[in-house]
Amino acid sequence: MSDHADGGTEERPRYTGVICDLDGTVYRSGRPFPGVVEALERLRAAGVRVLFVSNNPLQNAEAYATKLSALGIPVTPDDVLTSGAVMASWLREHTPNARVLLLGEESLREELAQVGVKVVHRGLEADVVVASFDRTFTYDKWLEAFRALRAGARFVATNPDPTCPVEGGEIPDCGGIIAALEATSGRRVEAVAGKPSSLMLAAALARLGKGPDEVVVVGDRPGTDLALGHQGGVDTALVLTGVTTPSESEHVDPRPVYVLGSLAELPSVVLGR
Ligand SMILES: [Mg+2]
């Protein structure tokens with residue numbers, strides 16, 4: 001171990017990888033929280049690899065990279081992992097050449113098409129139903145998905161979130177569409193790509209090229225961000241800039257390893273200085 005002395009050799013970071021939530025952790029309403037841009041810069045300058053993860057399947061990695069770069073956090077699409085990308089990988093691996101009925105928006109259809117997924121519109125032609133965040137959801141789509149599931153199609157989804165935070169409140173998300181399909185078809189979703197699923201964690205660790213003990217997960221939602229780490233033996237840090245209040249943070253179970261006022265405090269945890 002090196003010395004703490006000023007100008008001495010730098011110590012090894014406690015973690016060499018960070019799995020970092022976006023909304024409520026890095027920014028809200030498109031504005032980064034104070035000190036966050038500088039903290040991320042410090043971590044990356046110290047050689048820590050930061051992977052930004054989002055359950056929102058409406059935007060792909062490229063769109064997030066553009067958005068983050070515009071906020072002063074220069075990243076490439078390789079630094080971003082979305083539930084849509086994890087879903088696309090799952091389909092390619094588990095159901096190659098399958099015909100997919102998608103309850104999702106055009107952006108996700110394009111993302112799936114890029115990996116060769118064939119999207120169909122009639123339930124009885126589908127081998128797989130993919131439920132997603134779909135602001136174009138209609139009774140007709142619901143009916144086709146119902147028919148597909150009743151006929152035995154596989155059933156997967158991009159993300160489990162019941163709602164999505166937006167300016168001034170929340171709007172219904174993929175969790176509601178999964179519930180509509182489950183309630184009517186009698187089927188249960190077999191895999192969900194987004195946090196807190198093991199699919200997302202495995203994809204994140206693979207992208208970072210690191211093991212669970214080299215990485216910390218940071219986010220504002222216990223049920224998704226912290227659960228992602230807990231189920232895979234990855235240390236967790238809860239930030240209080242998002243949905244969890246300081247008093248709620250005292251009752252979070254299981255306990256995160258760290259509770260931070262903001263992501264701006266993460267360098268002290270990760271770098272140990
Ligand atoms: Mg969040």
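The questions below move from the metal ion to the strands around it.

Tutor: This is a predicted model, so local features need pLDDT of at least 70, side-chain atom pairs count only at pLDDT 80 or more, and totals for chains, interfaces and linings use all residues. Residues are numbered from 1 along each chain as its sequence is written, and side-chain values use heavy atoms, with hydrogens and water left out.

Student: Which residues coordinate the magnesium ion?
Tutor: Donors are N, O and S atoms within 2.8 Å of the metal (3.2 Å for Na, K and Ca); water is not among the atoms, so sites may look incomplete. Here the distances run from 2.1 to 2.2 Å. The donors are Asp21 (OD), Asp23 (O) and Asp220 (OD).

Student: What spacing do the donors of the magnesium ion follow along the chain?
Tutor: Aspartate 23 and aspartate 220 link distant parts of the chain, 197 residues apart. Aspartate 23 sits in the loop between S1 and S2, and aspartate 220 in the loop between strand S13 (215-219) and helix H8 (222-230). Helices (H or I, at least four residues) and strands (E, at least two) are DSSP runs, numbered from the N terminus. The spacing is D-x1-D-x196-D.

Student: Which residues does UniProt list for "binding site"?
Tutor: The entry is unreviewed; UniProt positions are in the numbering used here, feature names are shortened, and annotations may be inferred rather than shown by experiment. The listed residues span 200 residues in sequence, yet no two of their C-alpha atoms are more than 8.3 Å apart, so they gather at one spot.

Student: Is aspartate 21 buried or exposed?
Tutor: Buried means under 20% relative accessible area, exposed over 50%, partly exposed in between (1.4 Å probe, protein chains only). Aspartate 21 lies in strand S1 (residues 17-21). Its relative accessible area is 7%, so aspartate 21 is buried.

Student: What about aspartate 23 and its relative accessibility?
Tutor: Aspartate 23 is in contact (heavy atoms within 4.5 Å) with Arg28, Ser29, Pro165 and Asp220, leaving aside neighbours within four places in sequence. Aspartate 220 is buried, with a relative accessible area of 3%. Aspartate 23 counts as partly exposed, at 31%.

Student: Which lysine side chain does aspartate 21 join by a polar contact?
Tutor: A polar contact is a pair of N or O atoms within 3.5 Å; within protein, one must be able to donate a hydrogen and the other to accept it, and residues adjacent in sequence count only if both atoms are side-chain atoms. The side chain of aspartate 21 has such a contact with threonine 25, at 2.8 Å. The other partner, also at 2.8 Å, is lysine 195.

Student: How many bridges join S1 to S4?
Tutor: Two strands pair if DSSP finds at least two bridges between them. S1 and S4 run parallel, and isoleucine 19 has leucine 51 as its bridge partner in S4. Strand S4 (residues 49-54) is mostly covered, with five of its six residues buried. The bridges from S1 to S4 number five.

Student: In S5, what is the bridge partner of phenylalanine 52?
Tutor: S4 pairs with strand S5 (residues 80-82) in the parallel sense, over three bridges. In S5, the partner of phenylalanine 52 is valine 80.

Student: Which residue takes a positive phi in the hairpin of S10 and S11?
Tutor: Strand S10 (residues 163-166) and strand S11 (residues 169-172) are antiparallel, with four bridges. Two residues lie between the strands. The one with a positive phi, near 85°, is glycine 168.
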